[in-house]
Amino acid sequence: MLPPLLSALGLTIAVAAAGIADARSTNGGFRKGLGFREAHLRKLNAAVKGIHEPPARRQYDEFPEQWFEQPLDHFNNETGDTFLQRYWFSKRHYTPGSGGPVIVLDGGETSGEGRLPFLDTGIVEILTRATGGVGVILEHRYYGETQPVQNLTTDSLRFLNNDQSAADSAYFMANVKFDGIDEDLTAPGTPWIYYGGSYAGARSAHMRVLYPDLVYGAIASSGVTHAIIEDWEYMETIRKAAPANCSLGLENSIQTIDDILTEGGSAADDLKALFGLAGLEHNDDFGNVLRNPVFNWQSKCWNDECGDDSFDQFCEALTKAPNNSAVADAAYGDPRRSVNVTDSLAVDYVLQNYANFINQTYAAGCAGHVEECFGSYNDTDYQGTGLDQDWRLWQFQVCTQWGFFNVPPPDLDQPRIISSFISLESESKICKQAYPPGEHFTVPAEPNITAVNALGGYDIAADRLAIIDGEVDPWRPDTPHSLDAKPRDDTTIRPFKLIPGAVHHYDEYGLADLSQEPPEIQQIHEEMIAFVTEWLKEWNQTKSTL
(Lines give C-alpha, C1' and ligand atoms only; values in the text may rest on other atoms or scores of the structure.)
Protein backbone atom coordinates (compact mmCIF):
# COMPACT_ATOMS: atom_id res chain seq x y z
CA MET A 1 0.00 0.00 0.00
CA LEU A 2 0.75 3.84 -0.63
CA PRO A 3 0.28 10.82 -0.17
CA PRO A 4 2.01 14.05 1.78
CA LEU A 5 3.49 14.96 5.15
CA LEU A 6 4.87 11.25 5.22
CA SER A 7 3.15 4.34 2.20
CA ALA A 8 3.82 0.67 0.18
CA LEU A 9 1.90 0.41 0.03
CA GLY A 10 3.34 -1.40 5.32
CA LEU A 11 2.46 0.69 7.97
CA THR A 12 1.18 2.37 11.05
CA ILE A 13 1.15 5.65 12.99
CA ALA A 14 2.05 5.69 16.65
CA VAL A 15 1.74 8.49 19.17
CA ALA A 16 5.05 9.35 20.77
CA ALA A 17 5.45 9.81 24.48
CA ALA A 18 5.37 13.58 24.20
CA GLY A 19 2.08 13.37 22.37
CA ILE A 20 3.28 13.98 18.85
CA ALA A 21 2.04 11.47 16.28
CA ASP A 22 4.91 10.13 14.25
CA ALA A 23 5.08 8.48 10.91
CA ARG A 24 6.77 5.28 11.82
CA SER A 25 5.37 1.84 11.38
CA THR A 26 5.56 -0.57 14.29
CA ASN A 27 8.04 -2.61 12.27
CA GLY A 28 10.36 0.38 12.11
CA GLY A 29 9.72 1.43 8.51
CA PHE A 30 7.78 4.40 7.23
CA ARG A 31 4.30 4.02 5.85
CA LYS A 32 3.89 3.39 2.20
CA GLY A 33 2.51 6.02 -0.07
CA LEU A 34 2.87 9.04 2.15
CA GLY A 35 5.23 10.86 -0.14
CA PHE A 36 6.62 14.18 0.98
CA ARG A 37 4.83 13.90 4.33
CA GLU A 38 7.72 11.64 5.32
CA ALA A 39 10.25 14.28 4.36
CA HIS A 40 8.34 16.80 6.49
CA LEU A 41 8.16 14.47 9.44
CA ARG A 42 11.88 13.82 9.31
CA LYS A 43 12.38 17.57 9.29
CA LEU A 44 10.06 17.84 12.30
CA ASN A 45 11.93 14.98 13.95
CA ALA A 46 15.14 16.99 13.81
CA ALA A 47 13.35 20.01 15.27
CA VAL A 48 12.09 18.08 18.27
CA LYS A 49 15.29 16.13 18.91
CA GLY A 50 14.44 12.61 17.92
CA ILE A 51 10.94 12.21 19.26
CA HIS A 52 9.88 10.63 15.97
CA GLU A 53 12.67 8.08 15.81
CA PRO A 54 11.35 4.55 15.24
CA PRO A 55 11.70 2.13 18.14
CA ALA A 56 14.56 -0.33 18.26
CA ARG A 57 13.79 -3.49 16.34
CA ARG A 58 13.68 -6.85 18.02
CA GLN A 59 16.69 -8.98 17.18
CA TYR A 60 16.15 -12.38 15.56
CA ASP A 61 19.41 -14.27 16.06
CA GLU A 62 17.86 -17.38 14.54
CA PHE A 63 17.75 -15.62 11.17
CA PRO A 64 21.15 -14.02 10.40
CA GLU A 65 21.31 -11.77 7.38
CA GLN A 66 22.54 -13.26 4.12
CA TRP A 67 23.69 -11.65 0.87
CA PHE A 68 23.11 -12.45 -2.79
CA GLU A 69 24.87 -10.78 -5.73
CA GLN A 70 22.61 -9.10 -8.28
CA PRO A 71 23.31 -7.17 -11.49
CA LEU A 72 22.34 -3.53 -11.22
CA ASP A 73 20.80 -3.68 -14.69
CA HIS A 74 19.23 -7.00 -15.72
CA PHE A 75 18.40 -5.92 -19.26
CA ASN A 76 21.00 -3.65 -20.85
CA ASN A 77 23.98 -4.19 -18.54
CA GLU A 78 24.45 -0.47 -18.87
CA THR A 79 27.14 -0.19 -16.22
CA GLY A 80 28.18 -3.78 -15.54
CA ASP A 81 27.77 -3.02 -11.85
CA THR A 82 26.49 -5.48 -9.30
CA PHE A 83 25.20 -5.10 -5.76
CA LEU A 84 24.43 -7.31 -2.79
CA GLN A 85 20.79 -8.01 -1.99
CA ARG A 86 20.04 -8.81 1.63
CA TYR A 87 17.82 -11.70 2.66
CA TRP A 88 17.03 -13.89 5.64
CA PHE A 89 15.77 -17.45 5.75
CA SER A 90 14.29 -19.91 8.20
CA LYS A 91 14.81 -23.66 8.06
CA ARG A 92 12.89 -24.10 11.32
CA HIS A 93 10.44 -26.54 9.70
CA TYR A 94 12.54 -27.77 6.79
CA THR A 95 13.17 -31.48 6.38
CA PRO A 96 16.37 -32.20 4.44
CA GLY A 97 15.68 -33.90 1.15
CA SER A 98 12.02 -32.93 1.15
CA GLY A 99 12.34 -30.68 -1.88
CA GLY A 100 10.81 -27.58 -0.40
CA PRO A 101 8.62 -25.64 -0.83
CA VAL A 102 10.16 -22.19 -0.45
CA ILE A 103 7.86 -19.46 0.86
CA VAL A 104 9.37 -16.07 -0.03
CA LEU A 105 8.04 -12.79 1.32
CA ASP A 106 8.80 -9.68 -0.70
CA GLY A 107 10.17 -6.98 1.61
CA GLY A 108 8.54 -4.18 -0.38
CA GLU A 109 9.20 -0.50 0.20
CA THR A 110 10.94 -0.66 3.57
CA SER A 111 13.87 -2.30 5.27
CA GLY A 112 13.61 -6.07 5.21
CA GLU A 113 14.44 -6.14 8.92
CA GLY A 114 10.93 -4.89 9.56
CA ARG A 115 9.56 -8.04 7.94
CA LEU A 116 11.41 -10.48 10.20
CA PRO A 117 8.41 -10.93 12.53
CA PHE A 118 6.64 -12.64 9.62
CA LEU A 119 9.44 -15.20 9.57
CA ASP A 120 8.94 -15.84 13.28
CA THR A 121 5.17 -15.83 13.92
CA GLY A 122 3.60 -14.27 10.81
CA ILE A 123 2.49 -15.64 7.48
CA VAL A 124 5.84 -17.14 6.44
CA GLU A 125 6.08 -19.10 9.68
CA ILE A 126 2.45 -20.18 9.35
CA LEU A 127 2.90 -21.53 5.82
CA THR A 128 6.32 -23.13 6.34
CA ARG A 129 5.09 -24.87 9.48
CA ALA A 130 2.16 -26.29 7.52
CA THR A 131 4.21 -27.36 4.51
CA GLY A 132 7.65 -28.24 5.88
CA GLY A 133 9.19 -25.52 3.75
CA VAL A 134 11.94 -22.94 3.91
CA GLY A 135 10.90 -19.35 4.61
CA VAL A 136 12.62 -16.33 3.08
CA ILE A 137 12.45 -12.56 3.52
CA LEU A 138 13.86 -10.85 0.43
CA GLU A 139 14.79 -7.18 0.76
CA HIS A 140 13.84 -4.92 -2.16
CA ARG A 141 16.58 -3.16 -4.13
CA TYR A 142 17.42 0.32 -2.75
CA TYR A 143 15.68 -0.33 0.59
CA GLY A 144 17.24 -1.17 3.93
CA GLU A 145 20.84 -2.29 3.44
CA THR A 146 20.30 -3.41 -0.15
CA GLN A 147 21.96 -0.34 -1.64
CA PRO A 148 23.06 -0.63 -5.26
CA VAL A 149 24.19 3.00 -5.59
CA GLN A 150 26.26 5.60 -3.77
CA ASN A 151 23.63 8.35 -3.69
CA LEU A 152 19.95 8.94 -4.47
CA THR A 153 20.13 11.41 -7.33
CA THR A 154 17.65 11.16 -10.19
CA ASP A 155 20.19 9.29 -12.29
CA SER A 156 21.11 6.89 -9.49
CA LEU A 157 17.44 6.08 -8.93
CA ARG A 158 16.78 5.16 -12.57
CA PHE A 159 17.23 1.47 -11.79
CA LEU A 160 14.45 1.58 -9.18
CA ASN A 161 11.51 0.36 -11.23
CA ASN A 162 9.10 -2.53 -11.50
CA ASP A 163 10.95 -4.49 -14.19
CA GLN A 164 14.36 -4.39 -12.51
CA SER A 165 12.89 -5.27 -9.10
CA ALA A 166 10.94 -8.20 -10.50
CA ALA A 167 14.03 -9.43 -12.30
CA ASP A 168 15.92 -9.35 -8.98
CA SER A 169 13.41 -11.75 -7.48
CA ALA A 170 13.46 -14.03 -10.49
CA TYR A 171 17.27 -14.19 -10.58
CA PHE A 172 17.33 -14.88 -6.85
CA MET A 173 14.85 -17.75 -7.07
CA ALA A 174 16.74 -19.35 -9.95
CA ASN A 175 20.21 -19.11 -8.39
CA VAL A 176 20.20 -18.83 -4.58
CA LYS A 177 22.09 -21.36 -2.49
CA PHE A 178 20.93 -21.46 1.13
CA ASP A 179 23.73 -21.70 3.69
CA GLY A 180 23.59 -25.01 5.53
CA ILE A 181 21.21 -26.64 3.06
CA ASP A 182 22.88 -29.03 0.61
CA GLU A 183 19.77 -29.57 -1.45
CA ASP A 184 19.19 -27.48 -4.58
CA LEU A 185 16.05 -25.50 -3.81
CA THR A 186 16.14 -23.18 -6.80
CA ALA A 187 13.20 -22.62 -9.11
CA PRO A 188 11.78 -24.10 -11.25
CA GLY A 189 12.90 -27.40 -9.73
CA THR A 190 11.38 -26.46 -6.37
CA PRO A 191 7.92 -24.96 -5.85
CA TRP A 192 8.27 -21.32 -4.78
CA ILE A 193 5.27 -19.54 -3.26
CA TYR A 194 5.64 -15.76 -3.48
CA TYR A 195 3.91 -13.58 -0.87
CA GLY A 196 3.62 -9.83 -0.57
CA GLY A 197 1.46 -7.23 1.16
CA SER A 198 0.43 -3.82 -0.21
CA TYR A 199 2.94 -2.64 -2.85
CA ALA A 200 4.72 -5.97 -2.35
CA GLY A 201 1.32 -7.61 -2.83
CA ALA A 202 1.11 -6.10 -6.29
CA ARG A 203 4.64 -7.33 -6.92
CA SER A 204 3.61 -10.80 -5.85
CA ALA A 205 0.79 -10.84 -8.40
CA HIS A 206 3.14 -9.42 -11.04
CA MET A 207 5.73 -12.12 -10.35
CA ARG A 208 3.18 -14.86 -11.01
CA VAL A 209 2.29 -13.21 -14.34
CA LEU A 210 5.82 -12.24 -15.43
CA TYR A 211 7.67 -15.36 -14.29
CA PRO A 212 5.15 -18.23 -14.24
CA ASP A 213 7.88 -20.86 -14.73
CA LEU A 214 9.68 -19.72 -11.58
CA VAL A 215 6.79 -18.67 -9.35
CA TYR A 216 4.67 -21.75 -8.81
CA GLY A 217 2.13 -19.87 -6.70
CA ALA A 218 1.64 -16.38 -5.33
CA ILE A 219 -0.41 -14.60 -2.70
CA ALA A 220 -1.22 -10.92 -3.17
CA SER A 221 -2.40 -9.44 0.13
CA SER A 222 -3.86 -5.94 -0.22
CA GLY A 223 -2.03 -5.91 -3.54
CA VAL A 224 -2.45 -2.51 -5.21
CA THR A 225 -2.44 -3.89 -8.74
CA HIS A 226 -4.42 -0.97 -10.17
CA ALA A 227 -2.25 2.15 -10.21
CA ILE A 228 -4.02 5.49 -10.46
CA ILE A 229 -2.95 9.12 -10.53
CA GLU A 230 -5.57 10.67 -8.23
CA ASP A 231 -6.42 8.22 -5.46
CA TRP A 232 -9.39 10.04 -3.90
CA GLU A 233 -11.12 6.79 -2.94
CA TYR A 234 -8.50 6.15 -0.25
CA MET A 235 -10.09 8.77 2.00
CA GLU A 236 -13.58 7.94 0.78
CA THR A 237 -13.15 4.39 2.09
CA ILE A 238 -12.22 5.77 5.49
CA ARG A 239 -15.12 8.22 5.46
CA LYS A 240 -17.60 5.41 4.88
CA ALA A 241 -16.01 2.92 7.28
CA ALA A 242 -15.28 5.16 10.26
CA PRO A 243 -17.83 5.62 13.06
CA ALA A 244 -20.67 7.76 11.73
CA ASN A 245 -20.27 10.53 14.31
CA CYS A 246 -16.55 10.77 13.56
CA SER A 247 -17.05 10.94 9.79
CA LEU A 248 -19.83 13.50 10.16
CA GLY A 249 -17.73 15.60 12.51
CA LEU A 250 -14.87 15.55 10.01
CA GLU A 251 -17.11 16.34 7.05
CA ASN A 252 -18.70 19.31 8.80
CA SER A 253 -15.41 20.60 10.16
CA ILE A 254 -13.63 20.35 6.81
CA GLN A 255 -16.49 22.15 5.06
CA THR A 256 -16.35 24.96 7.61
CA ILE A 257 -12.56 25.14 7.39
CA ASP A 258 -12.60 25.30 3.60
CA ASP A 259 -15.27 28.00 3.64
CA ILE A 260 -13.24 30.12 6.06
CA LEU A 261 -10.03 29.64 4.09
CA THR A 262 -11.80 30.53 0.86
CA GLU A 263 -13.14 33.72 2.42
CA GLY A 264 -9.67 34.58 3.74
CA GLY A 265 -8.99 37.62 5.91
CA SER A 266 -8.61 37.72 9.66
CA ALA A 267 -10.94 34.76 10.22
CA ALA A 268 -8.64 32.53 8.17
CA ASP A 269 -5.63 33.75 10.14
CA ASP A 270 -7.44 33.16 13.40
CA LEU A 271 -8.41 29.66 12.25
CA LYS A 272 -4.81 28.68 11.56
CA ALA A 273 -3.78 30.11 14.92
CA LEU A 274 -6.49 28.04 16.60
CA PHE A 275 -4.81 24.91 15.21
CA GLY A 276 -1.41 26.10 16.37
CA LEU A 277 -0.37 26.82 12.79
CA ALA A 278 -0.34 30.61 12.68
CA GLY A 279 1.94 31.78 9.89
CA LEU A 280 1.57 28.68 7.72
CA GLU A 281 1.23 30.45 4.40
CA HIS A 282 -0.28 27.92 2.00
CA ASN A 283 -3.75 26.51 2.55
CA ASP A 284 -2.81 23.14 1.06
CA ASP A 285 -0.05 22.80 3.67
CA PHE A 286 -2.61 23.60 6.35
CA GLY A 287 -4.89 20.93 4.91
CA ASN A 288 -2.03 18.44 4.89
CA VAL A 289 -1.45 18.82 8.61
CA LEU A 290 -5.15 18.40 9.34
CA ARG A 291 -5.17 15.23 7.25
CA ASN A 292 -2.46 13.51 9.31
CA PRO A 293 -4.65 11.83 11.95
CA VAL A 294 -7.00 10.51 9.26
CA PHE A 295 -4.15 8.48 7.78
CA ASN A 296 -4.03 6.63 11.10
CA TRP A 297 -6.94 4.51 9.93
CA GLN A 298 -4.32 2.46 8.10
CA SER A 299 -2.60 1.87 11.45
CA LYS A 300 -5.45 -0.33 12.60
CA CYS A 301 -4.68 -3.98 13.15
CA TRP A 302 -6.22 -6.92 14.94
CA ASN A 303 -3.25 -7.14 17.32
CA ASP A 304 -1.50 -4.40 19.30
CA GLU A 305 1.82 -5.79 18.06
CA CYS A 306 1.01 -4.86 14.46
CA GLY A 307 -0.96 -1.64 14.86
CA ASP A 308 -2.54 0.83 17.24
CA ASP A 309 -5.77 2.62 18.07
CA SER A 310 -4.56 6.15 17.26
CA PHE A 311 -7.42 6.73 14.81
CA ASP A 312 -9.93 5.76 17.48
CA GLN A 313 -8.22 8.14 19.91
CA PHE A 314 -8.54 10.90 17.34
CA CYS A 315 -12.24 10.20 16.81
CA GLU A 316 -12.86 10.16 20.54
CA ALA A 317 -11.15 13.53 20.92
CA LEU A 318 -12.94 14.98 17.90
CA THR A 319 -16.45 14.04 18.98
CA LYS A 320 -16.14 14.65 22.72
CA ALA A 321 -19.25 16.60 23.69
CA PRO A 322 -19.69 19.26 26.36
CA ASN A 323 -21.33 18.24 29.60
CA ASN A 324 -24.44 20.17 28.58
CA SER A 325 -26.67 17.50 27.01
CA ALA A 326 -28.78 20.06 25.16
CA VAL A 327 -25.68 21.32 23.39
CA ALA A 328 -24.45 17.81 22.67
CA ASP A 329 -27.78 16.80 21.10
CA ALA A 330 -28.02 19.87 18.89
CA ALA A 331 -27.08 19.66 15.21
CA TYR A 332 -23.72 20.88 13.93
CA GLY A 333 -23.86 24.62 13.43
CA ASP A 334 -26.52 25.21 16.06
CA PRO A 335 -25.58 28.47 17.84
CA ARG A 336 -25.69 26.67 21.19
CA ARG A 337 -22.67 24.59 20.04
CA SER A 338 -20.64 27.64 19.07
CA VAL A 339 -17.33 28.49 20.72
CA ASN A 340 -16.04 32.05 20.42
CA VAL A 341 -12.39 32.01 19.37
CA THR A 342 -11.81 35.67 18.53
CA ASP A 343 -13.97 38.64 17.64
CA SER A 344 -13.92 37.47 14.02
CA LEU A 345 -14.19 33.72 14.54
CA ALA A 346 -16.63 31.39 16.28
CA VAL A 347 -16.64 27.65 15.58
CA ASP A 348 -18.57 24.51 16.46
CA TYR A 349 -17.21 22.63 19.47
CA VAL A 350 -16.27 19.69 17.19
CA LEU A 351 -14.04 21.96 15.15
CA GLN A 352 -12.60 23.30 18.40
CA ASN A 353 -11.86 19.69 19.43
CA TYR A 354 -10.18 19.10 16.07
CA ALA A 355 -8.00 22.17 16.56
CA ASN A 356 -7.02 21.11 20.08
CA PHE A 357 -5.99 17.66 18.82
CA ILE A 358 -3.85 19.01 15.98
CA ASN A 359 -2.36 21.65 18.24
CA GLN A 360 -1.38 19.20 20.96
CA THR A 361 -0.45 16.24 18.77
CA TYR A 362 1.36 17.89 15.86
CA ALA A 363 1.88 21.64 16.10
CA ALA A 364 3.25 21.56 19.66
CA GLY A 365 6.20 19.50 18.47
CA CYS A 366 7.42 22.19 16.12
CA ALA A 367 10.18 24.14 17.86
CA GLY A 368 10.84 26.50 14.93
CA HIS A 369 8.66 28.37 12.49
CA VAL A 370 5.68 26.39 11.21
CA GLU A 371 6.93 26.78 7.63
CA GLU A 372 10.08 24.90 8.60
CA CYS A 373 8.02 22.05 10.05
CA PHE A 374 4.98 21.90 7.81
CA GLY A 375 5.62 24.01 4.71
CA SER A 376 6.22 22.26 1.39
CA TYR A 377 7.25 25.09 -0.91
CA ASN A 378 10.96 25.33 -0.12
CA ASP A 379 12.52 23.28 -2.91
CA THR A 380 15.81 22.85 -1.08
CA ASP A 381 14.07 20.78 1.60
CA TYR A 382 13.76 17.97 -0.94
CA GLN A 383 17.08 18.09 -2.74
CA GLY A 384 19.34 16.16 -0.40
CA THR A 385 20.53 13.02 -2.20
CA GLY A 386 22.47 11.13 0.47
CA LEU A 387 21.60 7.52 1.22
CA ASP A 388 20.08 8.68 4.51
CA GLN A 389 17.33 10.46 2.51
CA ASP A 390 15.50 7.20 1.97
CA TRP A 391 12.09 8.92 1.85
CA ARG A 392 13.16 9.58 -1.76
CA LEU A 393 12.80 5.92 -2.68
CA TRP A 394 9.08 5.24 -2.56
CA GLN A 395 8.38 8.82 -3.59
CA PHE A 396 10.44 8.21 -6.75
CA GLN A 397 8.35 5.14 -7.50
CA VAL A 398 5.20 7.19 -6.93
CA CYS A 399 6.39 9.89 -9.31
CA THR A 400 7.55 7.51 -12.03
CA GLN A 401 5.15 4.56 -12.11
CA TRP A 402 2.60 4.28 -9.30
CA GLY A 403 0.83 7.58 -8.69
CA PHE A 404 -1.58 7.18 -5.77
CA PHE A 405 -1.62 10.92 -5.04
CA ASN A 406 -4.00 11.36 -2.14
CA VAL A 407 -6.63 13.96 -3.04
CA PRO A 408 -10.25 14.79 -2.12
CA PRO A 409 -13.20 13.70 -4.30
CA PRO A 410 -13.38 15.44 -7.69
CA ASP A 411 -17.05 16.30 -7.15
CA LEU A 412 -17.10 19.38 -4.94
CA ASP A 413 -20.61 18.52 -3.77
CA GLN A 414 -19.52 15.15 -2.41
CA PRO A 415 -18.81 14.94 1.32
CA ARG A 416 -15.12 14.91 2.12
CA ILE A 417 -12.93 14.41 5.17
CA ILE A 418 -9.85 16.21 3.81
CA SER A 419 -9.55 19.76 2.55
CA SER A 420 -10.40 20.71 -1.02
CA PHE A 421 -7.24 22.83 -1.00
CA ILE A 422 -5.27 19.60 -1.34
CA SER A 423 -4.91 18.97 -5.07
CA LEU A 424 -3.01 16.88 -7.58
CA GLU A 425 -0.82 19.90 -8.24
CA SER A 426 0.09 20.33 -4.58
CA GLU A 427 0.58 16.60 -4.03
CA SER A 428 2.76 16.02 -7.08
CA LYS A 429 4.93 19.13 -7.01
CA ILE A 430 7.54 17.20 -5.06
CA CYS A 431 8.24 15.20 -8.22
CA LYS A 432 9.80 18.32 -9.73
CA GLN A 433 11.24 19.61 -6.46
CA ALA A 434 13.05 16.41 -5.50
CA TYR A 435 14.04 14.93 -8.87
CA PRO A 436 15.52 17.44 -11.31
CA PRO A 437 16.41 15.99 -14.74
CA GLY A 438 19.59 13.96 -14.73
CA GLU A 439 22.04 13.12 -17.46
CA HIS A 440 20.56 9.66 -17.99
CA PHE A 441 17.00 9.91 -16.68
CA THR A 442 14.17 12.40 -16.40
CA VAL A 443 11.11 11.84 -14.24
CA PRO A 444 8.03 11.87 -16.49
CA ALA A 445 5.49 14.68 -16.36
CA GLU A 446 3.13 12.23 -14.69
CA PRO A 447 3.61 8.65 -13.46
CA ASN A 448 3.57 6.01 -16.16
CA ILE A 449 0.85 3.98 -14.49
CA THR A 450 0.38 2.01 -17.71
CA ALA A 451 3.56 0.13 -16.78
CA VAL A 452 1.67 -1.23 -13.76
CA ASN A 453 -1.81 -1.64 -15.17
CA ALA A 454 -0.62 -3.41 -18.33
CA LEU A 455 0.09 -6.42 -16.11
CA GLY A 456 -3.60 -6.83 -15.35
CA GLY A 457 -4.73 -4.05 -13.05
CA TYR A 458 -8.08 -4.92 -11.52
CA ASP A 459 -8.28 -8.03 -13.73
CA ILE A 460 -4.91 -9.56 -12.94
CA ALA A 461 -5.40 -13.31 -12.61
CA ALA A 462 -3.62 -16.63 -12.97
CA ASP A 463 -3.93 -20.14 -11.64
CA ARG A 464 -2.36 -20.36 -8.19
CA LEU A 465 -2.57 -16.62 -7.69
CA ALA A 466 -4.50 -15.80 -4.51
CA ILE A 467 -6.05 -12.36 -4.02
CA ILE A 468 -6.67 -11.44 -0.36
CA ASP A 469 -7.94 -8.02 0.72
CA GLY A 470 -9.45 -6.21 3.69
CA GLU A 471 -13.07 -5.13 3.66
CA VAL A 472 -12.33 -1.60 4.92
CA ASP A 473 -8.77 -1.19 3.68
CA PRO A 474 -8.35 2.32 2.22
CA TRP A 475 -6.24 0.69 -0.50
CA ARG A 476 -9.05 -1.69 -1.46
CA PRO A 477 -10.19 0.58 -4.36
CA ASP A 478 -6.78 -0.10 -5.96
CA THR A 479 -7.05 -3.89 -5.67
CA PRO A 480 -9.04 -6.55 -7.56
CA HIS A 481 -11.63 -6.29 -4.75
CA SER A 482 -12.42 -2.72 -5.79
CA LEU A 483 -16.11 -2.07 -6.32
CA ASP A 484 -15.08 -1.00 -9.83
CA ALA A 485 -13.58 -4.42 -10.58
CA LYS A 486 -15.43 -7.40 -12.01
CA PRO A 487 -16.72 -9.93 -9.46
CA ARG A 488 -14.91 -13.26 -9.22
CA ASP A 489 -15.47 -16.70 -7.80
CA ASP A 490 -13.35 -17.88 -4.89
CA THR A 491 -11.76 -21.20 -5.86
CA THR A 492 -8.83 -23.27 -4.65
CA ILE A 493 -6.90 -22.70 -7.85
CA ARG A 494 -7.71 -18.95 -7.85
CA PRO A 495 -8.52 -17.91 -4.29
CA PHE A 496 -10.34 -14.58 -3.98
CA LYS A 497 -10.93 -13.66 -0.36
CA LEU A 498 -12.14 -10.56 1.47
CA ILE A 499 -11.46 -10.47 5.22
CA PRO A 500 -14.46 -8.99 7.11
CA GLY A 501 -13.68 -5.78 8.97
CA ALA A 502 -10.00 -5.92 7.97
CA VAL A 503 -7.81 -3.01 7.00
CA HIS A 504 -4.34 -3.47 5.45
CA HIS A 505 -2.88 -6.98 4.80
CA TYR A 506 -4.27 -8.35 8.09
CA ASP A 507 -3.36 -11.91 7.09
CA GLU A 508 0.37 -11.11 7.08
CA TYR A 509 0.42 -10.98 10.88
CA GLY A 510 -0.02 -14.06 13.00
CA LEU A 511 0.29 -15.61 16.44
CA ALA A 512 2.34 -18.65 17.36
CA ASP A 513 -0.92 -20.29 18.40
CA LEU A 514 -3.47 -19.74 15.63
CA SER A 515 -6.29 -20.72 17.95
CA GLN A 516 -5.67 -17.50 19.90
CA GLU A 517 -6.23 -15.30 16.86
CA PRO A 518 -9.54 -13.51 16.21
CA PRO A 519 -11.98 -15.80 14.35
CA GLU A 520 -11.71 -13.99 11.00
CA ILE A 521 -7.89 -14.07 11.15
CA GLN A 522 -7.73 -17.69 12.20
CA GLN A 523 -10.13 -18.50 9.36
CA ILE A 524 -8.11 -16.76 6.66
CA HIS A 525 -4.94 -18.45 7.88
CA GLU A 526 -6.60 -21.85 7.80
CA GLU A 527 -7.90 -21.15 4.31
CA MET A 528 -4.46 -20.06 3.15
CA ILE A 529 -2.91 -23.23 4.54
CA ALA A 530 -5.59 -25.25 2.77
CA PHE A 531 -5.15 -23.76 -0.70
CA VAL A 532 -1.34 -23.72 -0.54
CA THR A 533 -1.41 -27.37 0.55
CA GLU A 534 -3.63 -28.21 -2.40
CA TRP A 535 -1.32 -26.36 -4.78
CA LEU A 536 1.61 -28.41 -3.49
CA LYS A 537 -0.33 -31.65 -3.89
CA GLU A 538 -0.76 -30.73 -7.54
CA TRP A 539 2.99 -30.06 -7.80
CA ASN A 540 3.82 -33.45 -6.29
CA GLN A 541 1.36 -35.24 -8.55
CA THR A 542 2.78 -33.58 -11.62
CA LYS A 543 6.34 -34.29 -10.53
CA SER A 544 5.58 -37.96 -9.89
CA THR A 545 4.36 -38.44 -13.47
CA LEU A 546 7.55 -37.04 -15.01
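**Aromatic rings, stop by stop**

Select W391 and R392: the charged end of R392 sits over the W391 ring, 5.7 Å from its centre. A charge sits over a ring if NZ of Lys or CZ of Arg is within 6 Å of the ring centre and within 35 degrees of the ring normal. This is a predicted model, in which local features need pLDDT of at least 70 and side-chain atom pairs count only at pLDDT 80 or more, while totals for chains, interfaces and linings use all residues. Residues are numbered from 1 along each chain as its sequence is written, and side-chain values use heavy atoms, with hydrogens and water left out.

Go next to Y377, where the charged end of K429 sits over the ring, 4.3 Å from its centre.

Now turn to ring pairs. The whole structure holds 27 aromatic pairs (Phe, Tyr or Trp rings, the six-membered one for Trp, with centres within 6.5 Å; planes under 30 degrees apart are stacked, over 60 edge-to-face, the rest tilted). Select F172 and W192: their ring centres are 6.1 Å apart and their planes at 90°, so the pair is edge-to-face. F172 belongs to helix α4 (residues 162-175) and W192 to strand β5 (residues 192-197), 20 residues apart. Helices (H or I, at least four residues) and strands (E, at least two) are DSSP runs, numbered from the N terminus. F172 is buried, at 0% relative accessible area (buried means under 20%, exposed over 50%, partly exposed in between; 1.4 Å probe, protein chains only). W192 is also buried, at 0%.
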